[in-house]
Amino acid sequence: MKKSEQQNDLMAKIASLAKRRGFVFPGSEIYGGLANSWDYGPMGVELKNNIKQLWWKRFVQRRDDMVGIDAALIMNPKVWEASGHLQNFSDPLVECKKCHARFRVDHLLLHQRKRGELKCPNCDAEKSFTDPTQFNLMLKTFLGPAEEKANEVFFRPETAQAMFVDFKQVLDTTRRHLPFGIAQTGKAFRNEITPGNFIFRTREFEQMEIEYFVEEKDWKKWFEAWKKEMWSWMTDDLGLADSHIHELEVPDGERAHYSKRTIDFEYDYPFGRDELYGLAYRGDFDLKNHFKEAPYRDAETGQTSWPHVIEPTWGVDRSVLAALIDAYREDSEGDKKRVWLKLPPKLAPYKVAVFPLLANKPQLVELARSVYDGLRKNFMVAWDPRGNVGKRYFAQDEIGTPFCITVDFQSLEDKTVTLRDRDTMKQERVKIAELEALLVKKLA
Ligand code: GAP
């Protein structure tokens, strides 16, 4: 199999595992789906929440220079006028004159570079494209019963703007001094011309964003500091191999309209290298556009100013995708093939699973159930009483559960259980009374 086929195969395997085990389902599937929309299932929502909670703990709760907000999805359209999104947030679009498929010009050029020819990726027609037109990515709706211009509003295309719009209120209520940041996680919407590659590019997605306000003279220092933080998040928290991550300095002319410097963190997805996260220096562009008078007053000097902004931004769905790709493993135990997820324990949907060795032995089930109930007070625990134990282990490995506990006949005698490690497949005997403390240590 060629490398490109193997890579496509990997993407198909991950999408299939995600569906089969309840991580991600096609949205509205019983009605034929809807334009690349996806639903997170029982495993997916845990993984996604673990990522968001880890992020919030790390970047908001554990820092004394950060506060969070949770703003409305739909904001006054004047926000998007001031931010430049109504004017500038667009992609150049071309249409194939033969099959009428539409493409982003940058994607088409990439396609051309790979294949060395300018054919329609959909119908193979040669040089059949219309001239490019600008297509605004803002997703429009109406507030109130009448669908008229006066009621036209937009779903936010980035969570960032609320941090600028609410800047003064945050300042007034929390008495922050530069440097400090405002963080938010939440949905954003873009009418993408070509959504695709599973959950990589969708029209509805989630972001985790920080607007970090600094004095202009300090912007380079803070840009570097946030670059380090982002690397550490990707490798230490998300568990990505650093060899799979690449920095791309986005050149002049290709940056977003508000950015004076941008680094894209790119990841080696099975379909190719592409953006995972971004880090931008937005200068004072946004605060200047929203506030006529300088919104910040220095407590010591009394001087007012428009602080400058470093913006680290993370896509939640791309975090889920990269974590799944990096964690995906295939190996075998004897003649049995094992597909498993080497997820960092903090991200795994279940931390531990509990099994009675046999489902038809009430004493085993009762003791296992009491172990399960005890652990459930502190951990997400799976319960699986039926079937071959080896298969039950493999089923947990496939969703990334780091540990499995089996209650067997010896447990009834000496109140010990087996604790099996996902990564090594090794088992040890542990006293039930010591299980919780041991798991806290192992899962840290
Ligand atoms: N506030 C800055 C901003 O929104 P961006 O690079 O356009 O910057 C930030 O988006 C992050 O949001 C991206 O790095 C990516 O992780 C995620 N993202 C953007 N568009 C997306 C889409 N259509 N589907 C999924 N994730 C997306």
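## Around the ligand

The shell around the ligand is made up of 9 charged, 6 nonpolar and 5 polar residues. Keep in mind as you read that this is a predicted model. In total, 20 residues surround the ligand, and the closest are E158, R190, E209, E275 and L276.

## Polar neighbours and cover

Let's look at some individual side chains. E209 places a polar side-chain atom 2.5 Å from a nitrogen atom of the ligand. For E158, a polar side-chain atom lies 2.6 Å from a nitrogen atom of the ligand. Q207 faces another kind of atom: one of its polar side-chain atoms is 3.0 Å from an oxygen atom of the ligand.

How much of the ligand's accessible area does the protein cover? On its own the ligand has 560 Å² of accessible area, and the protein covers 92% of that.

Of the elements, β14 supplies the largest share, with 5 residues.

## Strand β10 and its partners

Now for a strand that pairs with β11.

Which way do β10 and β11 run relative to each other, parallel or antiparallel? They run antiparallel, joined by 10 bridges. Within this pairing, A188 has F205 in β11 as its bridge partner.

Strand β10 also pairs with β3 (residues 66-68), here in the parallel sense and over 3 bridges. In that pairing, V67 stands opposite I182 of β10.

Note on methods:
Residues numbered from 1 in each chain as written. Predicted model: local features only at pLDDT ≥ 70, side-chain atom pairs only at ≥ 80, totals over all residues. Heavy atoms only, no water. Near = heavy atom within 4 Å. Polar contact = N/O pair within 3.5 Å; in protein donor to acceptor, adjacent residues only side chain to side chain. Areas by Shrake-Rupley, 256 points an atom, 1.4 Å probe, with all protein chains shown as cover. Helix = DSSP H or I, 4+ residues; strand = E, 2+ residues; numbered from the N terminus. Nonpolar A, V, L, I, M, F, W, Y, C, P; charged D, E, K, R; others polar. Pairing = 2+ DSSP bridges.
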